[in-house]
Amino acid sequence: MSRIQTLFERLRGEGRTALIPFITGGDPTPALTLELMHRMVAAGADLIELGVPFSDPIADGPVIQRATERALAQGVSLRDVLGIVRRFRETDDQTPVVLMGYLNPIEVMGNAAFAEAASEAGMDGALIVDVPPEESHQLVDAIKAQGLDLVYLLAPTSDAARIEAIAEVASGFVYYVSVKGVTGAGHLDVDEVKSKLDAIRARIELPVGVGFGIRDAATAAQVAQVADAVIVGSAIVGRIEALAQEGQAERIPAVIGDFLSELRVAIDQTNDGGQHG
Amino acid sequence: MATRADDLGLGKPPMMAAEPYQWPDARGHFGPYGGMFVPETLMHPLTELRQAYERYLGDPDFLRELDADLRDYVGRPSPVYHAERWSRELGGAQLFLKREDLNHTGAHKVNNTIGQALLARRMGKTRIIAETGAGQHGVASATVAARLGLECVVYMGEVDVARQEANVYRMRLLGAEVVAVKSGTRTLKDALNEAMRDWVTNVDNTFYIIGTVAGPHPYPAMVRDFQSVIGREARGQMIEQSGRLPDVVMACVGGGSNAIGLFHPFIGDTEVAMIGVEAAGDGLDTGRHAAPLCAGTPGVLHGNRTYLMEDANGQIQETHSVSAGLDYPGVGPEHAWLKDTGRASYVAVTDDEALAAFHGLTRTEGIIPALETSHALAYAAKLAPTMRKDQSILINLSGRGDKDMQTVARMEGLQL
């Protein structure tokens, strides 16, 4: 069983919702990313999504675009991000790490070479935002040959046929994008999310995470009522940016740790209220 | 670089004659190129768009409306002009110019925006968005939006906003909102990123008019089909005027819409050589250029697989060209396929060569071409003297140079 499957089996047994933070690898520095990953786990993160910087991130809003630019300014590459994961695994062999990024850096490395390097580094899966199932067969074969999971996005615009097509190729979990828009945008409507999740669960057995638009403990708690995982990106990356700009980068792990602890408490209280499911 | 006629396959036996050309395939692939590499949110609207496009391209009522607009509003057909004086001066092949510069708004771009805007209206969309580099596609989009009463937002890199002020003002006069994009390299590719983000956010009421033969399927095929009016007209006009097909068809290539529009109706005419001319900027060996077909490698950007200017880590590189309309690190996927199959060949000319051709045509024929177009003219001026006087080159004069007055004057140390 993969680390991702093991995690969600355990959480299902406990009646808990997973907390999944997203950060961009190398923002503001590779060393801080490593420290931050450990700190996030200590604060209650169940799985970490690690972004690979790409020059043209069409699915990302301004906050994550700027994180990407900060990482790229230091020359952080896909290989560097895998290097961060390798070091993370030296002291943590439990917490799943999923790489999130765009296809071109992988395409340049080669699908098979990427899958091998990712597996060797201790990565558990990948979510490539610009690869829908129609374009993913070569990547799927390479990723699955290494026993890694390929995570897919689902959107408010995904109809039944698309959900079924994604069910055939996805593994680990699926990521429901709760609003039409880029990362960090929009206001999430929990009732709308719930009805869409029902449609997804009727066709996909994997756990369903919900992201885009979760900015604080209150929205995290609302989403925890309906989702198997709460995914938080821009709200974290925005805090990283503010501290980096104020010259207080060394405080990033502590501040983000506190923020995640708040989210953890809010999610757990919701779960304990028995509203999950 | 090969400029001799025989290096370009002139007079060689026809290639690919056995099978009719039927690209892209059902999923938008041109061989390994093209496709739909977009976030999940866009897959549904792209499917809707493909269905609408397939339906209306076979709908006589839609085609009548399109033809009437191209005739009465754009001014089609555009003439083919035999540039006799320029041909004599070069002393070789006869040069013919397909005068897309005479279209309403001054370039070929409007052929496509008319088509897509009519499609948008049939699909019930009330808001159109567009990206633009030199501003020609932005102006063409703002123009049709004004005429059809649609809201229009144009994304333009901050760098391009500064170097194409006149077009920014034109778009605003036409009622469009021009958004200066400050991310990345602040040029055309970043404008495209921002337009995609807008579309993801506003898919319900918004139609994205892509200005070139790039982007996810169905855009490369759809834009090609709307632009193919150029080649269809020119093919008939060449036969009428010279009694035969041209030996070479030639066009500049940024994203490649004016080139595909000219080339596509000639693909089956295997005796006609097709040459696309990219921007070599300061020179291909300097790295400061915009010539992915001549000096790039395959990758995935903006929804399709194609040749790109990218570094060893797959990051897209900054491009350099005197011409904002060619300043793009990718190219339409069909050009990538035409290159790999050998049906078309691609070359590049520098800023200086393009500028010399700009002056050359202006002085000998009284036609001021766009700087983009001047790249094709520069290569034609190299090739023509290597050909016989009874041979001919048809060049797509894709746009007029009024928008480039400031740029050219500045390069010559003048302030207008």
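**Close-up 1. Packing of helices α14 and α15 in chain B of the predicted model**. The axes of helix α14 (residues 351–365) and helix α15 (residues 371–383) of chain B come within 7 Å and cross at roughly 90 degrees, where axes are lines fitted to C-alpha atoms, for helices over the stretch in contact, and angles run from 0 to 180 degrees between N-to-C directions. The two helices α14(B) and α15(B) are therefore roughly perpendicular to each other (angles under 35 degrees count as roughly parallel, over 145 as roughly antiparallel, 65 to 115 as roughly perpendicular and the rest as oblique). On the α14(B) side, Glu353(B), Ala354(B), Leu355(B), Ala357(B), Phe358(B) and Leu361(B) meet Leu371(B), Ser374(B), His375(B), Leu377(B), Ala378(B) and Lys382(B) of α15(B), contact meaning heavy atoms within 4.5 Å. By class, eight of these residues are nonpolar, two polar and two charged (Ala, Val, Leu, Ile, Met, Phe, Trp, Tyr, Cys and Pro count as nonpolar, Asp, Glu, Lys and Arg as charged, and the others, Gly among them, as polar). Helices (H or I, at least four residues) and strands (E, at least two) are DSSP runs, numbered from the N terminus.

The model is predicted, with local features needing pLDDT of at least 70 and side-chain atom pairs counting only at pLDDT 80 or more, while totals for chains, interfaces and linings use all residues. Residues are numbered from 1 along each chain as its sequence is written, chains are lettered from A and ligands numbered from 1 in the order in which they are written, and side-chain values use heavy atoms, with hydrogens and water left out.

**Close-up 2. Packing of helices α4 and α6 in chain A**. Helix α4 (residues 78–89) and helix α6 (residues 111–121) of chain A have axes that come within 8 Å and cross at roughly 25 degrees, which makes α4(A) roughly parallel to α6(A). Leu78(A), Leu82(A), Val85(A), Arg86(A) and Arg89(A) of α4(A) make the contact with Phe114(A), Ala117(A), Ala118(A), Glu120(A) and Ala121(A) of α6(A). This contact of α4(A) with α6(A) has seven nonpolar, no polar and three charged residues.

**Close-up 3. The contact between chain B and chain A**. Each side is made of 35 residues, and the two chains bury about 3,000 Å² between them, 51% of it on carbon and sulfur atoms (buried area is the accessible area, 1.4 Å probe, that two parts lose on being put together, summed over both). Glu40(B), Arg197(B) and Gln315(B) supply 23% of the area that chain B buries against chain A, more than any other three residues. Four salt bridges are counted between the chains, a salt bridge being a side-chain nitrogen of Lys or Arg within 4 Å of a carboxyl oxygen of Asp or Glu; in the one between Lys189(B) and Asp56(A), the closest N and O atoms are 2.9 Å apart. The largest share of the side of chain B that touches chain A, eight residues, comes from α8(B).

**Close-up 4. A salt bridge within chain A**. The side chains of Asp46(A) and Arg264(A) meet in a salt bridge (2.8 Å, N to O). Asp46(A) lies in the loop between α2 (30–42) and β2 (48–51) and Arg264(A) in helix α12 (residues 252–272) of chain A, so the pair ties together parts that are 218 residues apart in sequence.

**Close-up 5. Two cis peptide bonds in chain B**. The bond from Arg76(B) to Pro77(B) is cis, with omega near -5 degrees, and Pro77(B) is found in the loop between α2 (60–74) and β3 (80–82). A cis peptide bond also joins His217(B) and Pro218(B), with omega about 10 degrees.
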